[in-house]
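This briefing covers strand pairing, nonpolar cores and aromatic contacts. Please read it beside the sequence and the model.

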Amino acid sequence: SFGIGRKDYLWKNLARMQRMHGAAYDFVAKSYLLPRDREYFERDYNEGEVFIVKPPASAEGRGIRLMTKLEQAPKGNTAALVQKYLGEPYLINNKKFDMRIYIGVTSFDPLRAYIFEEGLSRFATSDYTPVSSSNRKNRYMHLTNYSVNKKSSDFVRNTDAERDDEGSKWSLTATWKFAACPPPAP
């Protein structure tokens, strides 16, 4: 689990799987591990694109930021995972969100994993608009981290267990209902 528990190690493993299996692993945003991939990042960079910069061994949204200019990239030997920012996210009530799906792995050979049927969705606390120079630093709009958004004056704590479709965190069941689609088959 150490090989997937950090952003940089996860990317290294996904990149290796992309090289081995091609399109089957084409679900990850274009990513670069700096400083190792700096040459490729600078070659691929196009003016006007937006990237998200993530420190590899951090949590709770610390150090995450958006960059819109090449000169905003981490300098020198500063380690960072830089990914193409997905600028047209699916929104619920005009808010970005992510879904946390919990999996317990009890064996790797043979692979034995159990998916917990319930998880949660975490919501940004500001309405989403495309990245611009005026909102690029608005962490409450672009990040869904609970540790970031709980500090927002717009954070809504859900205090009623019977209402799992309101507030800044929802159950996955509520998310599937809102999206009017069934959860994926186990």
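In strand β4 (80-84), L81 is the bridge partner of K54. Strands here are DSSP runs of E with at least two residues, numbered from the N terminus, and two strands pair if DSSP finds at least two bridges between them. The model is predicted: local features need pLDDT of at least 70, side-chain atom pairs count only at pLDDT 80 or more, and totals for chains, interfaces and linings use all residues. Residues are numbered from 1 along each chain as its sequence is written, and side-chain values use heavy atoms, with hydrogens and water left out.

**Pairing around β2**
- β2 and β4 run antiparallel and are joined by four bridges.
- β2 also pairs with β3 (residues 65-67) in the antiparallel sense, over three bridges.
- In β3, M67 stands opposite F51.
- β2 is covered on both faces, with F51 and V53 buried on one side and I52 and K54 buried on the other; buried means under 20% relative accessible area, with a 1.4 Å probe and protein chains only.
- In a regular strand the side chains alternate between the two faces of the sheet.

**Nonpolar cores**
- A nonpolar core is a set of buried Ala, Val, Leu, Ile, Met, Phe, Trp, Tyr and Cys residues joined through side-chain atoms within 4.5 Å.
- The largest such core has ten residues, namely Y32, L34, F41, Y45, F51, V53, M67, A73, A80 and V82.
- Two or more residues of this core come from each of β1 (31-34), β2 (51-54) and β4 (80-84).
- Another core, of nine residues, lies apart from it and includes I52, I64, L66 and V148.
- Leaving out residues up to four places away in sequence, F51 touches ten-residue-core members including Y32, F41, Y45, M67 and V82, and also R65, L66, Q83, K84 and Y85 (contact means heavy atoms within 4.5 Å).

**Aromatic pairs**
- The whole structure holds ten aromatic pairs, defined by ring centres of Phe, Tyr or Trp (its six-membered ring) within 6.5 Å; planes under 30 degrees apart count as stacked, over 60 as edge-to-face and the rest as tilted.
- F41 and Y45 are edge-to-face because their ring centres are 6.0 Å apart and their planes stand at 65°.
- F41 is buried at 0% relative accessible area, and Y45 is buried at 10%.
- F123 and W170 form a tilted pair, 4.9 Å centre to centre with 50° between the planes.
- This pair links β8 (residues 120-123) to β9 (residues 169-171), its members being 47 residues apart.
- Y90, F97, F123, W170 and F178 form one aromatic cluster.

Definitions and conventions: Buried < 20%, exposed > 50% of the residue type's maximum accessible area, 1.4 Å probe, protein only.
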